[in-house]
Amino acid sequence: MLGEGPVWCAGEAALRFVDIKRGRLHRFDPASGARETREVGGQPSFILPAAGGGFVVGSDGGLFHGDGQALGRPLATLAMPPHNRTNDATVDDAGRLWFGTMDDAEEQPTGALHCLDRGEVRASGWRAVVTNGPALGCDGRTLYHVDSGRRTIWRIALEDGALAAEGEVFVRLTEDEGYPDGVVVDSEDCLWVALWDGWAVRRYAPDGTLLLQVAMPCARPTKLAFGGPDLRTAYVTSARVGLDEAALARQPAAGGLFAFTAPAPGRVLPAVRLA
């Protein structure tokens, strides 16, 4: 219904991702074609490997540590309005978890960027109705933050685990281009973004120049992850939530997982440090 949060787990050579609205954790093994689905409830929005084993999952108003079969034990309860939930996430080179929260009704600007740093959660001053990303540049000193409702991707300086109070607009989309959704940075420091209601994913150079647009067979791709033995397979999650019968008839594969060969390899995310 709402596929999100794809991540390549190199240790098991498998892709993991979530279905937020159906409360599911998915695992796909491309070598064997095996697919596993776990019904965990809630609204899991990301799943990322944890240092020492297991996975960190964001769901509703909390963070959890489990084995990938269930949400697991609570790590943190987030101080935010009850109508908020977690959304997208990434990990920096020091193992800090950077994640966004959002208004689940997509109306109020109560979403914010947060950081889990060795067990302690802190909120940054960056807010939005719908936060997406974040993603880290190759140097580890740049964080990309997506304000989806305003169709804007921000580039923010990051130093010693702290975000600058001000950033710069990296890309701002027009109405006919769709909304920027999940983002990820490849090994050439280029930013990939999924275009919700844009029927495509894009690759931007570090200076914001559009390098490539890949058409998708559905209107609502949500995020990319790079996997495979050479990290050149781009996996793309997508959504069918909010589409009426007429729209679904035009895009029956909406909500599916797609793949294509990327022009450059991606990068494997570090594991989340819990202590």
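Modeller: A disulfide is a pair of cysteine sulfur atoms within 2.5 Å, and by that cut-off this structure has zero of them. Cys115 is in none, since the nearest cysteine sulfur, in Cys138, sits 19 Å away. Bear in mind that this is a predicted model, where local features need pLDDT of at least 70 and side-chain atom pairs count only at pLDDT 80 or more, while totals for chains, interfaces and linings use all residues. Residues are numbered from 1 along each chain as its sequence is written, and side-chain values use heavy atoms, with hydrogens and water left out.

Colleague: What makes Cys115 and Cys190 buried?

Modeller: Buried means under 20% relative accessible area, exposed means over 50%, and partly exposed is in between (1.4 Å probe, protein chains only). Cys115 comes in at 1% and Cys190 at 5%, so both get the label buried.

Colleague: On to strands. Why is β18 said to pair with β19?

Modeller: Strands are DSSP runs of E with at least two residues, numbered from the N terminus, and two of them pair if DSSP finds at least two bridges between them. β18 (residues 179–185) and β19 have five bridges and run antiparallel, with Tyr179 opposite Trp196. Five residues separate the two strands in a hairpin, and Asp189 in that turn has a positive phi of about 65°.

Colleague: What makes β19 a mostly covered strand?

Modeller: Six of its six residues, 191–196, are buried. In a regular strand the side chains alternate between the two faces of the sheet. Here, Leu191, Val193 and Leu195 are on one side and Trp192, Ala194 and Trp196 on the other, and both faces are covered.

Colleague: Now the rings. How many aromatic pairs does the search find, and why is Phe170 with Tyr204 called edge-to-face?

Modeller: Eight in the whole structure. For Phe170 and Tyr204, the centres are 6.2 Å apart and the planes are at 75°. Rings of Phe, Tyr and Trp (its six-membered ring) pair with centres within 6.5 Å, and planes under 30 degrees apart are stacked, over 60 edge-to-face, and the rest tilted. So the distance passes and the angle makes the pair edge-to-face. Phe170 in β17 (residues 168–172) and Tyr204 in β20 are 34 residues apart.

Colleague: Why is Trp192 with Phe260 called tilted, then?

Modeller: Their planes are at 45°, with centres 5.9 Å apart, so the pair falls in the tilted class. The pair connects β19 with β24 across 68 residues, and both residues are buried.

Colleague: Last one: what makes Arg85 and Asp104 a salt bridge?

Modeller: A salt bridge needs a side-chain nitrogen of Lys or Arg within 4 Å of a carboxyl oxygen of Asp or Glu. Their closest N and O atoms are 2.8 Å apart, so the pair qualifies. Arg85 lies in β9 (residues 84–91) and Asp104 in the loop between β10 (97–103) and β11 (111–117), 19 residues apart. Arg85 is buried at 4%, whereas Asp104 is partly exposed at 28%.

Colleague: Which residues form a network of salt bridges?

Modeller: Glu12, Arg16, Arg27 and Glu36.

Conventions
Helices (H or I, at least four residues) and strands (E, at least two) are DSSP runs, numbered from the N terminus.
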